[in-house]
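Read it with the structure open.

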Amino acid sequence: MRKIVSYLPFATAVAVTCLASWLAGRPGRAVPTGTRRGERDGH
Amino acid sequence: MTVRDDASQTDVRMDDDPRLRPEREAVVGSAGRRRGPGRGERLMVPRAEFRSYYGLPVLNEPTWEAHDIAGYLFLGGLAGASSTLAAAAELTGRPHLARAGKVGAVCALGGSMYALIHDLGRPERFVNMLRVLKVTSPMSVGTWILTVYGPQAGLAALTSVTGRFPRLGRIAALGAALTGPAVATYTAVLVSDTAVPVWHDAHRELPLLFAGSAVASAGALGLLAAPLEETGPARRAVLVGVVTEYAAAKLMERRLGPLVAEPLKRGRGGLLMRLGEALSLTGALVSQTAGRRSRGAAALAGAAVLAGSICVRFGVFQAGMASARDPKYTVEPQRARLGEESHP
Amino acid sequence: MNPFERLASWPLLRQLTGHDPLGRGAAVKSARTARLTARTATADRVVKSVCPYCAVGCAQNVYVRDEKIVHIEGDPDSPVSRGRLCPKGSASLQLTTASGREHRALYRPPYAADWQEIDLGTAMDMIADRIIATRGETWEWESDGRRTARTMGIAALGGATLDNEENYLIKKLLTGLGVVQIENQARVCHSSTLVGLGTSFGRGGSTTFMQDLQHSDCIVIEGSNYAEAHPVGFQWVMEAKARGAVVIHVDPRFTRTSALADLHVPIRAGTDVAFLGGIVNHVLSNDLYFREFVLNYTNAATVVGEDYRDTEDLDGLFSGFDEETRHYDCGSWQYEGAETTVAASGDRDEDYGRRTDQGSSVSSSGRGEAHGSGGVPLTGTPRRDETLTHPRCVLQILKRHYARYTPEAVERVCGIPQDMFAEVCRNLVENSGPERTAAFVYAVGWTQHSDGSQFIRAACVLQLLLGNMGRPGGGIQALRGHASIQGSSDIPTLFNLLPGYIPMPHAHRHENLEAFLRADAAEKGGWADMRSYTVSLLKAWWGPAARPDNDFCFGHLPRLTGSHSTYDTVMAQLAGTCKGYLLLGENPAVGSANARMQRLGMANLDWLVVRDFSLIESATWWKDGPETKTGELRTEDVGTEVFFLPAAAHTEKSGSFTNTNRMLQWHHQAVEPAGDTRSDLWFMYHLGRIIREKLAGSTDPVDAAVLDLTWDYPVEGALEEPVAEAVLAEINGWDAEGRPLSGYGDLRGDGSTACGCWIYCGVYADGVNQAARRKPAEEQDWIAAEWAWAWPDNRRLLYNRASARPDGRPWSERKKLVWWDEEAGEWTGYDVPDFERTKQPGYQPPEGATGFAALSGVDPFIMQADGKGWLFAPAGVVDGPLPTHYEPQDSPVPNLLYGTQRNPARMIYPHRDNRYHPGPGEPGAEVYPYIVTTYRLTEHFTAGGMSRNTPYLAELQPEFFCEVSPELAVERGLEHGGWATIITARNAVEARVLVTQRITPLRADGYLVHQIGLPFHWGPNGLSAGDAANELSAISLDPNSHIQEVKALSADIRPGRRPRGPALTELVSDYRRRAGITELTGTEV
Amino acid sequence: MAFDLDRGLAETQDPAASSGYPDPPERMGFFTDTSVCIGCKACEVACKEWNAVPEDGLNFTAMSYDNTVGLGADTWRHVAFVEQPRGLGGQESGLTVVDVPGPTVERAHTRTPVSLGMPASGPGDGQVGGVPDMDFRWLMASDVCKHCTHAACLDVCPTGALFRTEFGSVVVQEDVCNGCGYCVPACPFGVIGKREDDGRAWKCTLCYDRLGVGQEPACAKTCPTDSIQFGEVEELRERAARRLAQLHDAGVGSARLYGHDPDDGVGGTGSIFLLLDEPEVYGLPPDPVVTTRDLPSMWRHAAVAAGALLAVLAAVSWGSRR
């Protein structure tokens, strides 16, 4: 049991990585990247 | 009275004559037999099969925790490759994929930092890693690489998420992209630079395996996280990564030879390697077919490849443990090597 | 360290700028590493000490800092150990300072369930009261009409690990209190050495010293596991080995000693006399003995009286055997023309013996051991036949006695193939004679048998015939087990001896000092001036109260009425006569034979005092002993009151140890003992002071002896520790004006001199503690005479007159040691001559001369009455003048040489807990078919009290195991690494199984004999716990020395663990039923 | 560039000199002559006593008299015990094989313990039954850290905790080590270990503190038969060679040296051994190689892989817009 629990931190790291990158990768609603001046105005 | 060789050595003498043989020159079995040709040792016919000390390991098993170090192998690879993919995506106009890659890289890097520090016997002394720079120590070189790569990846992610200082972000992303591959592959050198037979003898193919696995996992993350239209490069990365990974694994096993590669085929190491390859291949297949069209399928494929990559990393790690545990993996190849040298 | 300095000390910068770019050495060195230094260098002081474990006597350096011991390692100046230590010696720091030690005084009220702490002062007071009370209840002025003046209610056990000064106070105080049952580890270790060497050569100490082994051309190690039991001493065998010597190890097992030997001879345990007898027969029948040596220096030419009958005539018995009392009357063994005045068998008082029929009690009172120093007195001049052809001369008797010990007989009895036996004979004979010398080394493998003394006598006979005695590289090296077991025999906490091997007076034979001296003082030889030794002792004990008119308080000495050995004490405890017990550094509950009986005996006591480092089994048997588990004892029913007083370690007290080579080495106190721990010197001194204060002013004659004692030793320090050097000064003795004496020659019989132990006289010569001398070995020759002091008179190699020809010239240039210097007119040489310095070789004693003057110029054995080495012992040994092969008490093999199966004179103690096994051929003999031999390991120490609680030693050998051969493992289905149960008629134990090829089955006359090896270190307490091997052994003693037989017994072995609880006693009694054991089994002659 | 890897690896025989010590003292080391070892384990205890190494486990292993099992963080000296059916020089073991009844012999399998994890000692050349004197010997050997010339543990240590002392020995600085554990798998002999509760790596220091004050190591000082000899490595190598010749003349053909050859895989070791059988019978690797020897090729392969990774990711992104 202790062995499995010891994998928990690693599992959460992977989950957080996927979730965060999924959130960052979603089109639109994420905070605009602002690569070019005009784009941020959302048109 | 000179000290003749044999009889007079046990004379009673008051001077401590240096030619008297001290106790460390005692030879067991040298006396007591009729003076004639002593029956020396009957030479044992050198037996072919392998000998050991009660079957105990020759090496001390690595003290690393699987979930920390094997985990780091995966996360390190993911971080490095994701940064590079992200930068490439940014240059080719795929903002969402880029941002996903950057954020993914920094999260993976966070996980790596946790794993590395958690595995230390004295975590509070982790800063000692920067005490010196030793080119002979992959871990020392690796730490310095991480020190260079880390801030850049962090900055890149931060700027891309907050949108501020975009120019600085771009430079940071570029920097991270250039050091990313080093982060992904130095771990192979770290593992190979040990006496563990399966790791050491695979030092030519392991970097390739780790690179392929890193590319595949970065691509997979891209598939998972980025919108479908931007996942072109991710999909191709998955394909190339998985193929390279599989090829490197097969090449490695062939070079190691049947005995040393055994931990990669049998036991926990073997199981994980096969599972990893299976997951990766199916993931790649799905990504090239269904993954093109449906977002769900792409995500699924990405997850499969990620899992596959994790399994491969853990598989290589467990194989190393098994290889250190059984003395025959150390003794027989060395005995063979000695055999070749003595009569090539 | 301001930030700038911190930055500057960054190794990376040093890497870039310094000479160590790769960061391998100088650049990465931390400040702390640079400051690193050894704690031996930063110690406040280095204290010279001696290892507390075995009797090799390795010197130790104790490093002390801030009044704490920080390190203990070997002292490179020591000529004995050269700075080396064995695993136990190296663990001395952990033994003395680790948590394994108990520091609180504990008390267990009768019937209580657990310990309670007690204040040390109160404990001392309560103990003193109990001693006085029990002494009062059990005081007896006489027994069977003869004055005894003693108490049989108190017994003491212990002292081989204690200093000589502590043993001296124990013997002095308890004898003053009338206690007779005083014993120590010497009884169960080398007591038969005192008899074997004592009767053969006149002194019971080892005849040579370990460093002399380097001159041996052949070393036979038998009855000893030298490399394991005395590892640091073994370097001298390796020294000989390096110089071409042959090393032969004769042992039932192939041990670590055999691994370094040239030839290992596996022998059936208990048959060493047959093996040595075979070699004697080979030497005699081929006339290979060293004729000139044998003729002049041994009693080979002496003619024995007509009525002597040999075992050849009486099928295993000598003449003079009395069936009922099972004792020999040595009258028929006397020389022709000479009358042995007194011997152990009390024949001189012929009429007295018959009139009161108590003759047996005299002989059983261990008089043989009195020859620890000084042979058996002899009157008259025996007839000699210089041609050695007279049929009744000793040599011819020897030839006839060993005629049937042929190589075939040796193969049938011992299981040794003839070619191997021939090779041993060849090696021994080739390396003896004028040009070459061979040495014998032995230990308890020989002594612990029901005829142990005869084992050693056999080696003495052989070494005398080969002419190896008293010569460099020759002699017989007895390896003793405890740090000062030689000391606790010289200053004997033994029931039958007074200090210096003066026999304890016997109730029936000595009314007064004159009768005592007349009975035991010989006219010739060293014992002639026994009067001055005895009177000096009495003056030392009773000081001014000892006056010529009251026989120098000779009446104060309690008298013996037979054997009061530790095993008799156990019987007395079981019978309820002995009520009080003092355990001073000994652990009988595990260390003595038949451990179960020892514990049952203690359960019968009123009170028990245990002084040790930790809670050993002898202190906790009432709480968690094996019997509490089998239900035989219930803690709440055990009425014994138990005091546990923690004892000080060798680093917490000053004192002297006597090592196995008779060398007294002083160890200095390094630190004060902590908590309630006190030295035994402190305990005995203050116990005596408290008792004398309680009895002060008493006019009761019972208290006269203890009140007259001289007991005013100076004390020092906060703990009032008696000054050990003051006790040593008393042991050394002083003259009328109080000046220290310089040798036993200065002793006078008129009461003008006082000396605690005459053989130690000279250890404090001219007020200097000779035992504390530490002249480094490099600055001395190999004799190292100025390192410490050896008794007698610092002579290191005894009987060294025999290293010269009768005319005084050395036997050979390479083996010379002591020789006659014509111009100087005195004996000179490398060692102190063990001879009168100015007595010419050609000196012949005038008629009627007495003492040393009565010995001729060719009598090297100056303590013997005839100055000769005794091949044939007309007296002094109670079970036969010549060593004869008998089977051990429990043996599956019949005696193939004689009809008499076992030693007819052995002492047996029939008791329902001490059953013996049926002899071979009797019904039930097959129930216990295998031979068991017990032994020691390097990593543990005797009963384990000083090693099982020490983690660094416990982890090296963590569990009790038995060693069996692959064949036995297959026969009984024993699994390597698994468990086995070993069962005898006494008890059953469980042990892990170590299947090894190092033990081989032996072919004994058609019987296939398996041997099982059992190390005896374990017991239920301590980090490394296990069953005790001594649960299996029986109490069956050597008649001369009362030593138990634990080296050869029979047992059964079966796979699996032993039953727990009452089922264990059922298993043992079931085996007894199947073997048909009754109280008579095994007690036949 | 100060970090020229290859030059560092091909350093001279004197490791101290090439580790930044201007003129270091002579290189010190051990010569352990196992032919005079009596297996008393005084070295194990003296080492633990001097360095306060914790006791590690009270378990009976049934591996002859060895219950210490092996070197590690809590055992810096380990005495190995090997019982073999082979002769030792002219020694006669005397373990005569009597005519034991047939069936017992088969199952006793030529006197090899039936179910023993013995080293594969096999039938040996003396068969059961008729052999008058069965060959047998009991090998004892005290194993210790090798203090290699090319020390893998020293090379791979990232924090500089492991360092080369001026005496040429390799020592862990306990105030620097953070317990990364990299040295443990790097050591080709399996010497160094990580202590569970303490977290740091520990191994023999060749009594670096004692050497500093001119004393010899505790184990060498206490060895009763001088099987462990301490001194300058050069002089010990000559003495070892002389001793080997002496043993061969006396018929002990199986004697060989171990760690004496400066050209072996670790550049020769500071602790030289005289063994009486194959190294692996004592648990030692027959041909140990310092892993750093292949490090340059490892870095090269890693660089190639990194480059490939960069190229691949660039290529996959560069492709069509979609």
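## Chain contacts

This is a predicted model. There are 4 pairs of chains in contact, and chains B and D share the most contacts of these. Their contact takes 89 residues from chain D and 87 residues from chain B. On the chain D side, several elements each supply at least two residues: α1 (5-9), α4 (152-156), α5 (183-186), β6 (193-194), α8 (233-249) and α9 (295-318). Of these, α9(D) gives the most, with 17 residues. By class, the side of chain D that touches chain B divides into 43 nonpolar, 33 polar and 13 charged residues.

Chain B also meets chain A. That contact takes 20 residues from chain A and 29 residues from chain B. Helix α2 (residues 8-25) of chain A makes the largest share of the chain A side, 11 residues. The side of chain A that touches chain B has 13 nonpolar and 7 polar residues, with no charged residues.

Other pairs stay apart. Chain A and chain C have no contact, and their closest C-alpha atoms lie 29 Å apart. Chain A and chain D do not touch either; here the nearest C-alpha atoms are 15 Å apart.

## Strand β2 of chain D

How many of the residues of strand β2 (residues 77-84) of chain D are buried? The count is 8 of the 8, so the strand is largely enclosed by the rest of the structure. In a regular strand, side chains alternate between the two faces of the sheet. Both faces of β2(D) are covered. One side carries Arg77(D), Val79(D), Phe81(D) and Glu83(D), all buried. The other carries His78(D), Ala80(D), Val82(D) and Gln84(D), also all buried.

The partner is strand β3 (residues 137-144) of chain D. It pairs with β2(D) in the antiparallel sense over 8 bridges. Within this pairing, Val82(D) stands opposite Leu139(D) in β3(D).

## The cysteine site of chain D

An unreviewed UniProt entry places the feature "binding site" at Cys157(D), Cys177(D), Cys180(D) and Cys183(D). These positions are spread over 27 residues of sequence, yet they cluster in space, with a largest C-alpha distance of 10.7 Å.

Where do Cys157(D) and Cys180(D) sit? Cys157(D) is found in the loop between α4 and β4 (162-164) of chain D. Cys180(D) is in the loop between β5 (170-172) and α5 of chain D. A residue counts as buried when 20 or more other C-beta atoms lie within 10 Å of its own. Cys157(D) has 32 such atoms, so it is buried. Cys180(D) has 31, so it is buried too.

Both residues have partners in chain B. Leaving aside neighbours within four places in sequence, Cys157(D) is in contact with Ser137(B), Leu162(D), Tyr182(D) and Cys183(D).

## Chain C

Chain C holds 35 helices and 37 strands. Its radius of gyration is 29 Å, close to the 31 Å that the globule rule gives for 1085 residues, so chain C is as compact as a globular protein of that length. Other values for the chain are tabulated here.

| Property of chain C | Value |
|---|---|
| Span of the C-alpha trace along its principal axes | about 105 × 75 × 70 Å |
| Residues that count as buried | 68% of 1085 residues |
| Contacts between residues 24 or more positions apart, among those with a separation of 6 or more | 75% |
| Separation of the centres of domain 1 and domain 3, over C-alpha atoms | 62 Å |

The domain assignment gives domain 1 (3-35), domain 2 (107-140 + 149-183 + 488-508 + 515-658 + 662-759) and domain 3 (907-1075) of chain C.

Is Ala648(C) buried or exposed? Ala648(C) is buried, with 25 other C-beta atoms within 10 Å. Ala648(C) lies in the loop between β20 (641-646) and β21 (655-658) of chain C. Beyond its neighbours within four places in sequence, Ala648(C) is in contact with Lys653(C), Pro673(C), Thr677(C), Arg678(C) and Ser679(C). Arg130(C) is 518 residues away along the chain, and the C-alpha atoms of Ala648(C) and Arg130(C) are separated by 23 Å.

Note on methods
Residues numbered from 1 in each chain as written. Chains lettered and ligands numbered in written order. Predicted model: local features only at pLDDT ≥ 70, side-chain atom pairs only at ≥ 80, totals over all residues. Contact = placed C-beta atoms within 7 Å. Helix = DSSP H or I, 4+ residues; strand = E, 2+ residues; numbered from the N terminus. Nonpolar A, V, L, I, M, F, W, Y, C, P; charged D, E, K, R; others polar. Buried ≥ 20, exposed ≤ 12 C-beta atoms within 10 Å, placed from the backbone. Pairing = 2+ DSSP bridges. Rg over C-alpha atoms; globule rule 2.2 N^0.38 Å. Domains from an automatic or database assignment. UniProt positions renumbered as here; feature names shortened; annotations may be inferred.
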